[in-house]
Amino acid sequence: MTATRVCALSELEQDTARRVEIDGVAIAVVLDGDGEVHAIGDVCTHGDISLSDGFVEGDTLECWAHGSAFSLRTGHPLNLPAYEPVPVFEVTIDGDDILIDPAVTKVVN
């Protein structure tokens, strides 16, 4: 699979998640307060809840339903009730285009 354009950088709102879908893979794309773009799996591992409806604070995305916060860098949950990580995807920025390949996840510890 190759990287797919999901949106323009100029379309993202700082500290707000945006849900995109590529070939059936739901991804939350976030422009954090430092101007870095992150892409993580959009489904909370505690329940079938869209993380992009949650709250961005620093480099975390919090599930609005149960309060688990996930690291935008590693996908790891930082508190209960979630205990399984979500995938983190490589992001490529080409001019104003944000590209993501849902088959390529970051290797994080």
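**Exercise 1.** Leaving aside its neighbours within four places in sequence, which residues is S71 in contact with?

*Solution.* This is a predicted model in which local features need pLDDT of at least 70 and side-chain atom pairs count only at pLDDT 80 or more, while totals for chains, interfaces and linings use all residues. Residues are numbered from 1 along each chain as its sequence is written, and side-chain values use heavy atoms, with hydrogens and water left out.

Step 1. Contact means heavy atoms within 4.5 Å.
Step 2. With neighbours within four places in sequence set aside, S71 touches I40, D59, H76 and L78.
Step 3. S71 belongs to strand β7, residues 69–71; strands (E, at least two residues) are DSSP runs, numbered from the N terminus.
Step 4. The side chain of S71 also reaches the backbone nitrogen of T74, at 3.1 Å.

**Exercise 2.** Decide why S71 and A8 are called buried or exposed.

*Solution.* Step 1. Buried means under 20% relative accessible area, exposed over 50%, and partly exposed in between, with a 1.4 Å probe and protein chains only.
Step 1. S71 has 8% relative accessibility, so S71 counts as buried.
Step 2. A8 has a relative accessible area of 5%, so A8 is buried.

**Exercise 3.** Describe the surroundings of A8.

*Solution.* Step 1. A8 is found in strand β1, residues 4–8.
Step 1. Leaving aside neighbours within four places in sequence, A8 is in contact with D96 and I98.
Step 2. G95 is 87 residues from A8 along the chain, yet their C-alpha atoms are separated by 8.8 Å.

**Exercise 4.** Work out the order of the strands in the open sheet of three strands.

*Solution.* Step 1. Two strands pair if DSSP finds at least two bridges between them.
Step 1. The order is β1-β9-β8, with antiparallel pairing.
Step 2. The edge strands are β1 and β8 (89–94), each pairing on one side only.
Step 3. β8 and β9 (residues 97–105) pair over five bridges in the antiparallel sense; F89 has T105 in β9 as its bridge partner.

**Exercise 5.** Locate V30 in the largest nonpolar core.

*Solution.* Step 1. A nonpolar core is a set of buried Ala, Val, Leu, Ile, Met, Phe, Trp, Tyr and Cys residues joined through side-chain atoms within 4.5 Å.
Step 1. The largest such core has 15 residues, and those with the most contacts inside it are V30, I40, C44, L51, L61 and F70.
Step 2. Apart from this core lies another, of 13 residues, among them V6, L12, I22 and I100.

Methods:
Helix = DSSP H or I, 4+ residues; strand = E, 2+ residues; numbered from the N terminus. Polar contact = N/O pair within 3.5 Å; in protein donor to acceptor, adjacent residues only side chain to side chain.
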